[in-house]
Every structure is written in C-alpha cells, then in structure tokens.
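Have the model open and follow along.

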Amino acid sequence: MIHTVATEIGGRTIAMETGKMAKQANGSVVVTSGDTKVLVTVVAENEPKNMGFLPLTIEYQERMYAAGRIPGSYFRREIGRPSEKEVLTCRLIDRPLRPLFPDGYDCETQLIATVFSADQDFDPDILAMNGASMALMLSDIPFAGPIGAARVGYVDGQYVLNPSKSQLEKSQINLVVAGTRTAVVMVEGRAGEMAEDQVLEAIFFAHAGMQPLLDLQLQLQQEAGKAKRTVTPPPIDLALKEKVEAAAAAGMEEVVTIADKMARSGRYSRLKEEVLAQIDPELYEKPSQVTDLLSTYKKHVMRDRIVTKGQRLDGRSFEDVRPISCEVGILPRAHGSALFTRGETQALVICTLGSERDEQHLEGLGGDVYRRFMLHYNFPPFCVGEVRPLRGPSRRDIGHGTLARRGIEAVLPATDTFPYTLRVVSEVLESNGSSSMATVCGGSLALMDAGVPIEAPVSGVAMGLIKEGDRVVVLTDILGDEDHLGDMDFKVVGTRTGITGLQMDIKIEGVDRQIMAQALAQAKAGRIHILERMEEALGSPRASVSEHAPKYVTMKIHPDKIRDIIGPGGKIIREMTTEFDSKIDVEDDGTIKIFSNSSEMGNALIKRIQEITAVPEVGRVYEGEVRTIKEFGAFVQILPGTDGMVHISELANERVKNVTDVVKEGDVIKVKVIDIDNRGRIRLSRKAALAEGES
C-alpha cells in the first residue's frame, strides 16, 4: 500500500512517499520537493555483530541522469569513489543520526540515499537528511527520532528557510541545521563575518522552521511504520564493576592529573595491566569486559572532576586557551608557510599560488564548477603516535578540510584584484584536539606569508560540553580526551568582526539556545585571544608575493592579433610557454594573462608578445631583415609576420640601377614606414630613414 504525506516549509512543498519503491528494505521513502526526488533506504542485519560499537554505514549518491547529464569520466559512468559533495553529505546525514541509536544496538546497518531527479533549484542534501530519519522511523530499527533538517540563508536582511540556489548566491550565510523537537543536534556551514547573536538567531530560525517535518514523519510512521525491535542494553556485572573501580581508584586519580597526552595515555595503559592483574580471571570471560568497565570508569572520573571540582585534565580554567606558538616562513621554497602550535596540537600549513589553469574542476548535478581556493587537510598516523597504512583522504579529512576552507573563504580577495588560484595544505604533525582549528589559524598565517591580501586574519577554536543532569560546563579549546569523553564538539571560525564558519556535533539528544549562546560567547573570547597571538607573528599580509611565487601580469592586445599569438595549431604559444617557462592564457577579448616563474622571464615574454602583436605606424623607423629581392625593390620584415616593400627608388639617395647593389637577402637595415594603403600594404623607405640619421 502506498502512503504519501506532505507539508510546506519555507514556501516549498516537501512530500514523503513509502510503499512504492524499494519495498524489500527495512525502511524506504521517496522525498520530493519540486522536481527533486531522493530515495532513501535503510537495511539492518538481524543478528548483532557484538563489535563494541555501532556498525552504521551512510552512503549518499548523486546520479548524473538526475540532472540530465552524462558523466564526464572516461567510462561515462559515476565512478566508484564518491565525490567531495557526496562525502560531505554523508557526514551531514551521519552526524545527527548516530547519537540517537540506543545502547546495545550493534546490528550492521546501511543507509543509502540516492538522488533520482534534481531540478537545480534545491540542493538534495536536505531531502536526503530528512529522508534518512524517515526511513529509520518506518523501519523496525530502534531509533530515538525523528530528526528534521533545514538550510537557512540570510538575504537582504531576512532569514530564509531552505533558500533556492539563486538566493544562496546572494546569502550572507549558508547553514545546515538538524534538530529534534526540543533541541539542535547538528550545525554545519559558513557565515560572512556575522555576529554571534545573528548566527544564533539563524540556527533557531531553522530549528523552528523544521518542526512541520517532524510532524510529517510521525504521521507517516503512524500510517506505515513497522514495530521496532527490542534492544536490551548489555547487562552490567555490578560485582565486577565494583572490583574494577576499587582496583583502579588510586591509579585513575593519577591518570586524570597528568597534563601531557602521551604520558597520560601511557599511565592509563599500565593501569589496565595493573587492574587485570588484580582481578580474578574467573570473574570474567574475556579481558574486554574489564577494560570496558575501566573505560567507563575513566569517563566518569574525568567528567566528575570537571563538573564537580572545576578541574580540567591539564589544569586550565574552563575559558583558557592552551599556550600558542606561531612561526611563519618555515619552508624556504614555499610561497607561504606557517607552523601553528596550540598545546599538543600542531599544524604545518603551506600556501601555493597558481594560475587560472590550476583551478579545481568539479562535476556535479548543478553543472561544472571551478574552484579557485582549495584547502587540503592531511592527518598522518604519526601525529597521534599510531601505526597504520597510508591511504587517500578519509571522510574525516575531507570534512575537516572543508570546514577550514569555508572559514577562510570569507576573507579572500576578489579575483579581479588578486587573480591567483590558491591552494592551502595542512600537514597535521601533532594532534591532541582541534587540529581543524589549528589548520584555520595556520592557513590564515600561510596566506598572509604568501602575500595574499586577505581582508582580515581568521582563527578558530573548538568548544566542548559536559552535561550531568542540570549541571552544564562549556569548555574552551578542548583536548582530545575532552572531545572523546564530552557531549559536544562545537568548532567556531571567524575574524575579530564575526563568525565565518561553524560546525557542531553532539553525543546527547541536543542542546538548547542558552547553552549554544554561552558556547558562542566563550568561542568569541577564545578566537580573539588566538588572533592576538597570531598577530605577534604576522599582523598583516606581506606587501608582495614571495620571490618564488609565479609573477602575474596582464596585458591587452587587439583581438585580431590573437591568431598571431596562438599560431598555426597553437605552435607559437607552445613555443613561448616552453622558452619562457611561463603559463599564457589568452581570452577572446584580447586580454593576455601571464604567469611566469621569474620576473626576468616574464618581462622577456611581454617584450616578445609586444613584438608579435605590434602594428606598423606610418612615420616610424624600424629595423628589419631583407627577406626577398625583386627587380623593382626589396621586401623587408619589420615585425614578426609583417613585411613591407622598399621600392628601388627608395633604397638610396642616389639612383640605384640594381637592388642587389644596395641590399641582399638577409641584410638587416633601417627603414621608415611612409604609407599603409587601405589593403594593408606597407610602403617602406631606406632613403627616408637615412635622411633621419639612421643607418
């Protein structure tokens, strides 16, 4: 039986239908808005995996036929590796869902969202997020939903719910917000230096606007939902728990007072061995029962120490930022570089300048996109003292890099004032929390070191939350353990003026307006403190780009001369590119953009282009080569590809009997342009040049 429900959100109808497609999945729904349709399915194994964590996989697929396009890949089909957009949407779906599965549920679960149709006016990611919640609600899989999702923009001084593509192009913000009935569970997006209260208002504007979607899901679940599986939380052996905590009490108090990450980790590893040695093996079936209880105890002790005693692991107050060190110009051949260290988190960030040809080409449902600014984040295993194979960028790497890119993009100079393509790479060398924010800070410094005239420096800080009943503590600049054991990871990026990017994930059922307002206020103070430390290393962009950066020059020629620059089959421009070790871009209006690896080469290339494109002027004297001899005169090349004729009567002051008595082929002589007729034929005179004192 087919069931369909619909509601209006932000002036746009969103409909959900189940019972027609993908009926063998545990839950399936087609979400529609306009001509955009997304199928979301969820399937779970019947038997638990007993893996100790939730084996949840989220996939999001954009089919090119959805927009009436054929993929541009060699195989003309969607490649196996997901695009950056698909990866980021997977993360948007995963992050608000994962905390809402019950403890004890560990059946392997796969959720797949597939875009079947896209009308180019509305990003399918919002439909996929709501569809993911709806598919879980319809299934027999236990899930503490529903959650709703909405995008919010700010256009002409007004907040806009689920803005269109054209509205987003004019919007000062682009935030995706997910929430339950009473709280916000996830935030992701960019903001154009907006004040904290404006961003807060935007988040809760979206939260209020998504409420009809929650009603819609509950209605469809009531009509077509399946009975939920029963999940029994894993039993806790209270006697074993008591023995583990008694054996670990003294050692755990020592662990939570060690500020150094590696020393604390080492002491905790030894504590595991000590506890296992004290517990009778007959009391447990496998060591993981003991170590799991020990991990839970560690979490309790750390959280209680923060909430009850007001003491963090490294002794800081709740608002303090770890010690900061900033250095610029670290790499001598890089165009810009910075080493940013905050506590035990360190990022080496490098900026490289390139030409328009270096822009990133992205193919998607909305058509081809060319990205001028790229930020790539690398998280090698040694930065956390681990050994693991090196692979391509993970979903986490892509997500962290995108967050940093969005935060910095707001302050980049316009293309017409700084036409370089920009690539920033962050190599995380040490990590103990908030390496993405170290990337933002290091990226800002590296850009300024490269001479990029950014509008203002940007910094970022990660906020944490510990919530025990009515007791709430917001932490500034969280450590890795505070992130792992806490309830929130809220990253805020911005300038002194306002916020440029933010991302929030939580592990509880949501945060309210008051908590978020407190977190934003603390984040602002932390952000400005970090900016002050950054400014001590480099307060503003360097006056010029690095001597190792390509030199950019623009010049204008007559459009009719473009063919002379290109040459037959591109021969001339290829030869110049090789000879002068430069990149040459020629536009249809005659604008030539030159990127050269040195000023000397660039100046020589400009001179060559000027010679090639020069137009003969009547009355001007040129030095040219005699190319052809005729009885009536000589043809002389005065400019590349431009010849004129010297009549025998214009070769000398005296009468000339034979042309060869004065000049021969290959001679270089001075000649004056005395006429250019309406057919473009050029008359030259050696006699006139001699009269002006030229020889």
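Contact here means heavy atoms within 4.5 Å. This is a predicted model, where local features need pLDDT of at least 70, side-chain atom pairs count only at pLDDT 80 or more, and totals for chains, interfaces and linings use all residues. Residues are numbered from 1 along each chain as its sequence is written, and side-chain values use heavy atoms, with hydrogens and water left out.

Q: What is V673 in contact with, leaving aside its neighbours within four places in sequence?
A: V673 touches E617, V618, G619, R620, Y622, I638, I682, R683 and L684.

Q: Why is V673 called buried?
A: Buried means under 20% relative accessible area, exposed over 50%, and partly exposed in between (1.4 Å probe, protein chains only). V673 has a relative accessible area of 1%, so it is buried.

Q: Where is V673 found?
A: You'll find V673 in strand β28, residues 668-676. Strands (E, at least two residues) and helices (H or I, at least four) are DSSP runs, numbered from the N terminus.

Q: What makes α9 oblique to α10?
A: Helix α9 (residues 395-409) and helix α10 (residues 435-449) pack at an angle of about 45°, with their axes 9 Å apart. That angle makes α9 oblique to α10. Angles under 35 degrees count as roughly parallel, over 145 as roughly antiparallel, 65 to 115 as roughly perpendicular and the rest as oblique. Axes are lines fitted to C-alpha atoms, for helices over the stretch in contact, and angles run from 0 to 180 degrees between N-to-C directions.

Q: Why is the pair of F418 and Y420 called tilted?
A: Rings of Phe, Tyr and Trp (its six-membered ring) pair if their centres lie within 6.5 Å; planes under 30 degrees apart count as stacked, over 60 as edge-to-face and the rest as tilted. For F418 and Y420, the centres are 4.8 Å apart and the planes are at 45°, so the pair is tilted.

Q: How do you know whether F418 and Y420 are buried or exposed?
A: Check their relative accessibility: F418 is at 7%, so F418 counts as buried. Y420 has 6%, so Y420 is buried too.

Q: What makes Y552 and F595 an aromatic pair, and which kind is it?
A: Their rings sit 4.8 Å centre to centre with 55° between the planes, and the pair is tilted. Y552 lies in strand β22 (residues 551-556) and F595 in strand β24 (residues 591-596), so the pair ties together parts that are 43 residues apart in sequence.

Q: Why is Y552 called partly exposed?
A: Y552 has a relative accessible area of 23%, so the label is partly exposed.
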